[in-house]
Amino acid sequence: MSDLQRCEIRPGRLVEWTLHPAVVDAARDLPDDARPPAYVQESHIRTARTVREDGLFVPTWLGTAFDLPGRVELDVLQGALEAWMLRHETLRSGFRWAGEEMRRFTLGADAVALHREDVGEFGDAVTLTRYLQDRFDVAADALTWPNFLFAAVVRDDGASVYMAFDHSNVDAYSIHRIVAEIHELYAAGLDGRAVAPRPVASYVDFCASERTDADRIDDTHQVVSRWREFIARCDGRLPNFPVDLGLDPEGPLPEQRFLQEMLVDAAGAAAFEAYCRPYGGSLVGVVAAVALAAHEISGLDVYRTVVPFHTRVKSRWADSVGWYVGGAPVEIPVGRATDFDDTLDLVRSALRDTRTLSRMPIARVLRLLGADFRPTSPDLYSIVSFVDSRGIPGAERWQELKAYGLIRVSYGDQVCAWVTRVHEGLQFACRLPDTDAAHKNMRRCMELVRERIVAVAREGETLAARG
């Protein structure tokens, strides 16, 4: 994961693709689609509207960047982008307001057409980076439709492709899969081959199904009770990262900064994974390492966070683009642990106990709790996320293709951390408030996590050598 400033943007001729204006005009007359928004989509868009009404524009898009080697045929690339869009219905679907109600509309596949614009030459990478970020902020805005933009920076020896989407349409897994799909479709186009249509389940259908299930519960449901108890132990709030972040409770929403580094190389990541495998694997190990780091910095004996889990619980959703993520409330009584193995046991037990809670949308739970969780920040709570990306098609070529998942860093008072297992090792990325205290404490946290992973990996290698 990266931001635009760290993804090796190079000068060249910029070309952009958006939905054709005639398509956008036609969408205004589309009838309502009976399939409702997912709770996570509705919460995200309502939060964006609330923050905007409070006078702050907070971009929240996600995206991807990758290279296409060799002289690029723009007509073929446009065909690949259109073909990819047709696979994923959520990109043809948007929302409009009817009073306070959000209503969906969806374009038919036969109506999709992209419009290409040659923006011009950029001779300076800094200027181009600033331009792309400004364009994505406007074009991939949660409160507009369409809310995505495709771009290519074309050079004689190839092109760099950039694609940005409002978060309501994509999650990290979705954007990681784009690189291989576009490469496949583009290569087929160059060869004059037709790619056999691959049936991909619709996230719009998932939204309807998930919401139907969520609307069956009431405030007496066990999931609601568990969240109620968790929030009560967080002093009536959803948890932020438990270190001093230098926040002013009465101040405006702070700007954020981005922290990103490789923690260990492939050998270290493999040794850490092997050590943690009996306890449930690297996710358990990462949460344990973060919990111990937070304990050392803050002195708190219980580490509370929300751990994201994907909600692609059925195989038919595996290839689908959408926001398939739920959160599980996790409490680690890390002060009771005598060593790292003890902490691993505590984390394994906590994750086993609460993982199924992630399948119920937190926005539905908060509505049933009836408390005032009026969103004033784009992030409801702090997260620590772990993704093993090595099984994603094409991941072994990401470094060669300069492929990145993109995060927009703008405003927010929460800490969101992502640890990603790539073929080259373990990467740490973190979005945090831009204060001296937050930067000092989260950098210290990252270093403590690194030290723990390195120490555990070495211990695992020593034990393996002893046989």
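Buried means under 20% relative accessible area, exposed means over 50%, and partly exposed lies in between, with a 1.4 Å probe and protein chains only.

## The model and its overall form

This is a predicted model, in which local features need pLDDT of at least 70, side-chain atom pairs count only at pLDDT 80 or more, and totals for chains, interfaces and linings use all residues. Residues are numbered from 1 along each chain as its sequence is written, and side-chain values use heavy atoms, leaving out hydrogens and water.

The protein chain holds twelve helices and 14 strands. Helices (H or I, at least four residues) and strands (E, at least two) are DSSP runs, numbered from the N terminus. The radius of gyration is 22 Å, close to the 23 Å that the globule rule gives for 467 residues, so the chain is as compact as a globular protein of that length. That radius is taken over C-alpha atoms, and the globule rule is 2.2 Å times the number of residues to the power 0.38. The C-alpha trace spans about 65 × 55 × 45 Å along its principal axes.

Of the 467 residues, 55% count as buried. Contact means heavy atoms within 4.5 Å. Among contacts between residues at least 6 apart in sequence, 82% join residues at least 24 apart.

Two packed helices are described by the angle between their axes and the distance between the axes. Axes here are lines fitted to C-alpha atoms, for helices over the stretch in contact, and angles run from 0 to 180 degrees between N-to-C directions. Angles under 35 degrees count as roughly parallel, over 145 as roughly antiparallel, 65 to 115 as roughly perpendicular and the rest as oblique.

Helix α7 (residues 222–233) and helix α11 (residues 362–369) cross at roughly 75°, and their axes come within 10 Å. That makes α7 roughly perpendicular to α11. From α7, the contact uses Val-223, Val-224, Trp-227, Arg-228 and Ile-231; from α11, Ile-362, Val-365, Leu-366, Leu-368 and Leu-369. By class there are nine nonpolar residues, no polar and one charged. The nonpolar class is Ala, Val, Leu, Ile, Met, Phe, Trp, Tyr, Cys and Pro; Asp, Glu, Lys and Arg are charged; the others, Gly among them, are polar.

Helix α8 (residues 266–276) packs against helix α9 (residues 282–298) at about 95°, with axes 8 Å apart. This pair is also roughly perpendicular. Phe-272, Glu-273 and Cys-276 of α8 meet Ser-282, Gly-285 and Val-286 of α9. The contact of α8 with α9 has three nonpolar, two polar and one charged residues.

Gln-427 sits in strand β14 (residues 425–433). Gln-427 is buried, at 11% relative accessible area. Its side chain reaches the backbone nitrogen of Met-1 at 2.9 Å. Such a polar contact is a pair of N or O atoms within 3.5 Å; within protein, one must be able to donate a hydrogen and the other to accept it, and residues adjacent in sequence count only if both atoms are side-chain atoms. Beyond neighbours within four places in sequence, Gln-427 has contacts that include Met-1, Gln-260, Leu-263 and Trp-418.

Ser-174 belongs to helix α5 (residues 172–191). Ser-174 is buried at 1% relative accessibility. A polar atom of its side chain lies 3.0 Å from the backbone oxygen of Gly-322. Leaving out residues up to four places away in sequence, Ser-174 touches Arg-312, Ser-320, Val-321 and Gly-322.

## A loop residue: Glu-73

Glu-73 lies in the loop between β2 (61–69) and α3 (74–87). At 42% relative accessibility, Glu-73 is partly exposed. Not counting residues up to four places away in sequence, Glu-73 touches Tyr-186 and Leu-190.

## Backbone exceptions

Most residues other than glycine have a negative phi, and most peptide bonds are trans. Glu-8, not a glycine, has a positive phi of about 60°. Glu-8 is in the segment before β1 (12–19), and at 37% relative accessibility counts as partly exposed. Lys-402 has a positive phi of about 50° and is not a glycine either. Lys-402 is in the loop between β11 (383–388) and β12 (404–407), partly exposed at 25%.

A cis peptide bond joins Trp-145 and Pro-146, with omega about -5°. Pro-146 has its place in the loop between α4 (125–139) and β6 (148–155).
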